Amino acid sequence: MKFAQKYGTLLAALVIALLLLPFITDALLGRGWVRIVDFAMLYIMLALGLNIVVGYAGLLDLGYIAFFAVGAYCYALAGSPHLAMTFPMAFPDGVHLSFWIILPMAALIAGGFGVLLGAPTLRLRGDYLAIVTLGFGEIIRIFLNNLNAPINLTNGPQGISRIDPVSIADVPLSVTQNIFGIEFPSVHLYFYLFLAFTALVILISQRLERSRIGRAWMAIREDEIAASAMGINTRNLKLLAFAMGAMFGGASGALFAGFQGFVSPESFSLIESIMVLCMVVLGGMGNIAGVVIGGVMLAVLPEVLRHSVVPLQQVLFGKTLVDPESLRMLLFGAALIVMMLYRPAGLIPSRVRRRELGTDEAVDKV
Amino acid sequence: MEIFLQQIINGLVQGSVYALVALGYTMVYGILGLINFAHGEVVMIGAMLALSALTALLGVGVSALLALPLSIVLAMAGCMVLGYSIERIAYRPLRHAPRLAPLITAIGVSIVLQNLAMMIWGRSYHSFPQLIANDPHNFGGAIINDIQIIIFILALAIMAGLMVVVHRTKLGRAMRAVAENQHAAQLMGVDINRVISITFMLGSALAAIAGIMVSANYGLAHYYMGFLLGLKAFTAAVLGGIGNLRGAMLGGLLLGLIESLGAGYIGDMTGGFMGSNYQDVFAFFVLIAVLVFRPSGLFGERLAERA
């Protein structure tokens with residue numbers, strides 16, 4: 001109750017600000033930026049999913065984007081005319097399942113992949129998991145690239161296009177809707193969809209963090225042997241964390257496919273996995289607020305770089321020496337190193353995590 | 001039969017390169033218990049440095065026979081400096097930190113190196129100049145090139161040399177002592193930091209040679225070449241039993257064979273469903289299979305479970 005009184009107004013203000021955000025962004029920066037904000041929301045969802053794996057359970061997953069890819073391709077196959085090409089007899093118009101069926105399906109399939117990958121590796125030391133997931137991310141991409149022959153499942157490097165937009169109660173989000181006399185363009189509608197899902201993911205994460213499971217995860221992260229001595233089934237719980245993270249990844253992937261209307265293997269490279277990891281590390285592993293802020297920062301950074309680096313170089317050197325894309329990755333890599341060396345618990349560390357990772361004196365004294 | 005022999009030859013040549021890279025992983029792991037993710041990028045930097053040195057030397061009119069060894073030495077030196085710096089900057093300060101921290105810095109280093117290379121050398125493939133005669137020989141119906149012969153023999157010689165260093169010299173004894181027990185080694189007067197630095201430098205020098213071998217064999221060098229190579233070499237190290245030098249060598253050769261035979265016959269095995277474009281997938285399945293059935297590797301005595 002006290003919490004509600006203390007933060008109630010603040011929370012209400014935040015909700016109103018978020019609800020108005022697409023309109024404010026649209027008015028100030030233009031519609032392109034609303035799209036960027038939408039993508040930022042997707043990244044936040046991804047980062048929150050990875051946060052369960054890396055932040056709570058302390059398992060380093062370097063191929064997280066593979067689950068995102070699995071979810072995206074689930075949506076692409078189950079909501080596009082693509083399969084009509086391969087199986088004209090079975091699906092003359094392709095498959096067009098409802099969004100509410102595809103979403104849980106994508107999450108479950110991605111979760112299944114998570115279990116499949118985690119089961120052999122989670123018994124072992126964390127290093128193995130890191131490198132196996134790294135390989136897994138690459139393998140998924142190889143399969144997506146090559147499963148166009150002899151049976152055309154993924155359409156190879158060209159990717160799958162003409163994916164159905166997300167429809168809520170038969171209202172497609174891909175066209176401007178007029179609700180109560182207010183015009184809601186497509187990007188705005190998707191923003192609200194993503195906002196709702198992000199809120200849901202945050203809620204689930206928060207409940208998990210304080211649950212028996214969450215506490216068990218943190219115990220495993222801090223000392224696995226001690227945790228198992230306390231009667232925690234470390235293997236199953238690690239597997240659960242891994243599968244849970246994969247499910248969030250899969251669900252975000254489905255949303256991504258519906259939003260984008262097009263998927264290709266190119267979107268799921270190692271770089272994306274690293275970017276999501278960076279968000280989690282930068283913000284503070286295991287801290288929801290930190291992860292959200294890390295996600296916003298890193299999702300907006302490339303755009304800022306794109307608009308600043310090129311003109312700046314034009315002024316300084318008269319030509320573009322460094323393209324913003326590789327500069328962005330360089331900064332991500334450097335950020336990972338610098339954060340681990342100087343602020344291992346992140347910009348906004350969770351209290352438990354800081355005590356564990358940091359040499360922060362103030363906390364050490366506690 | 002000729003195809004079989006050809007795949008064996010290709011597999012052994014490729015495998016000897018994996019073995020050289022795997023040695024770098026396994027040496028560092030043996031001593032620090034850390035997977036040096038950035039090792040694959042060191043291989044790539046080695047190839048790129050050698051390529052630049054070659055181009056520059058040939059450009060000023062140095063003869064090819066002199067330019068090649070010179071650029072190999074330069075690349076090795078460059079990679080040794082790189083390996084030393086990686087350890088100093090990214091791993092040493094975190095030696096007593098939780099396990100997750102050095103893993104994350106390792107990924108960071110790897111990303112930084114890759115993108116630096118992309119900035120310096122660009123995104124395009126560079127062709128590696130052909131300097132020595134590369135005559136094909138007929139070997140029981142299969143073809144083997146001069147360069148392949150050189151790669152294989154050189155790799156074996158280097159591995160033999162490394163075994164001598166590790167088992168017959170004072171430095172090698174210090175390395176083994178640190179791997180066994182850091183504190184005890186320190187009490188016996190071993191300068192741990194020095195030994196660890198030297199291990200990194202040795203591994204990086206091997207990586208440079210491996211990088212040059214790969215790009216000489218395929219005639220290509222690319223900023224992204226280190227990633228998959230590193231992943232496969234790590235698989236080789238795990239296959240042989242990580243931390244075990246002999247294991248890394250045999251694991252490398254074995255993985256090379258598995259990969260090349262697999263890629264050669266996967267079409268027949270799956271009835272044409274999968275082609276040789278799935279070659280890169282084999283290493284991964286080998287890795288998973290080893291982790292499931294024999295996590296300590298083929299030759300590993302030490303249990304790979306957590307320390």
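Which helix gives the largest share of the positive patch? The answer is helix 6 of chain B (residues 170–180), which supplies three residues.

## Before we start

This is a predicted model, where local features need pLDDT of at least 70, side-chain atom pairs count only at pLDDT 80 or more, and totals for chains, interfaces and linings use all residues. Residues are numbered from 1 along each chain as its sequence is written, chains are lettered from A and ligands numbered from 1 in written order, and side-chain values use heavy atoms, leaving out hydrogens and water.

## A positive patch on chain B

Let's meet the members: B:Arg168, B:Lys170, B:Arg173, B:Arg176 and B:Arg194. Patch residues have over 30% relative accessible area and no salt bridge, with like charges joined within 9 Å and nonpolar side chains (Val, Leu, Ile, Met, Phe, Trp, Tyr) within 5 Å. A salt bridge puts a side-chain nitrogen of Lys or Arg within 4 Å of a carboxyl oxygen of Asp or Glu.

B:Arg194 sits in helix 8 (residues 192–218) of chain B. It counts as partly exposed because its relative accessibility is 49%; buried means under 20%, exposed over 50%, and partly exposed in between (1.4 Å probe, protein chains only).

## A nonpolar patch on chain A

Over on chain A, A:Ile16, A:Leu20, A:Ile24, A:Leu28 and A:Leu29 make a nonpolar surface patch of about 510 Å². A:Leu28 belongs to helix 1 (residues 2–29) (helices are DSSP runs of H or I, at least four residues, numbered from the N terminus). With a relative accessible area of 68%, A:Leu28 is exposed.

Methods. Areas by Shrake-Rupley, 256 points an atom, 1.4 Å probe, with all protein chains shown as cover. Lys, Arg positive; Asp, Glu negative; His and termini not counted. Charge placed at Lys NZ, Arg CZ, Asp CG, Glu CD. Helix = DSSP H or I, 4+ residues; strand = E, 2+ residues; numbered from the N terminus.
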